Amino acid sequence: MINKVVQFKREFKINELPDDLITVSEFIKQHKCSKSYLYKLKNQNKIKFYPIGYYKFSEREALEAMGV
């Protein structure tokens with residue numbers, strides 16, 4: 001029997017992910033900023049979103065991009 005398994009290419013490797021990933025809603029609750037501001041930083045390529053369940057990003061990277 002031949003297994004036909006489709007393997008998708010990922011744009012990132014699991015072991016290369018940042019350690020401090022956080023979702024958009026968690027970040028908004030902790031740091032009191034707007035959702036649109038985070039997406040603006042993403043569109044300006046200042047932070048990178050990782051599609052792991054929900055969109056997640058590095059909390060440290062976002063704080064540096066915000067100047068905090």
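Biologist: Which residue takes a positive phi in the hairpin of E2 and E3?

Modeller: This is a predicted model, in which local features need pLDDT of at least 70, side-chain atom pairs count only at pLDDT 80 or more, and totals for chains, interfaces and linings use all residues. Residues are numbered from 1 along each chain as its sequence is written, and side-chain values use heavy atoms, with hydrogens and water left out. Strands (E, at least two residues) are DSSP runs numbered from the N terminus. In the hairpin of E2 and E3, with 1 residue between the strands, Gly53 has the positive phi, near 70°.

Biologist: How many bridges join E2 to E3?

Modeller: Two strands pair if DSSP finds at least two bridges between them. E2 (residues 50–52) and E3 run antiparallel, joined by 3 bridges; Tyr50 stands opposite Lys56 of E3. E3 (residues 54–58) is also joined to E1 by 3 bridges, again antiparallel, and there Ile22 has Phe57 as its bridge partner.

Biologist: Is Thr23 buried or exposed?

Modeller: Buried means under 20% relative accessible area, exposed over 50%, partly exposed in between (1.4 Å probe, protein chains only). Thr23, in strand E1 (residues 21–23), has 10% and is therefore buried. Tyr54, in strand E3, is exposed because its relative accessibility is 65%.

Biologist: Which residues does Thr23 touch?

Modeller: Contact means heavy atoms within 4.5 Å. Leaving out residues up to four places away in sequence, Thr23 touches Tyr54, Tyr55, Lys56 and Phe57. A polar atom of the Thr23 side chain also lies 3.3 Å from the backbone nitrogen of Glu26.

Note on methods. Helices (H or I, at least four residues) and strands (E, at least two) are DSSP runs, numbered from the N terminus. A polar contact is a pair of N or O atoms within 3.5 Å; within protein, one must be able to donate a hydrogen and the other to accept it, and residues adjacent in sequence count only if both atoms are side-chain atoms.
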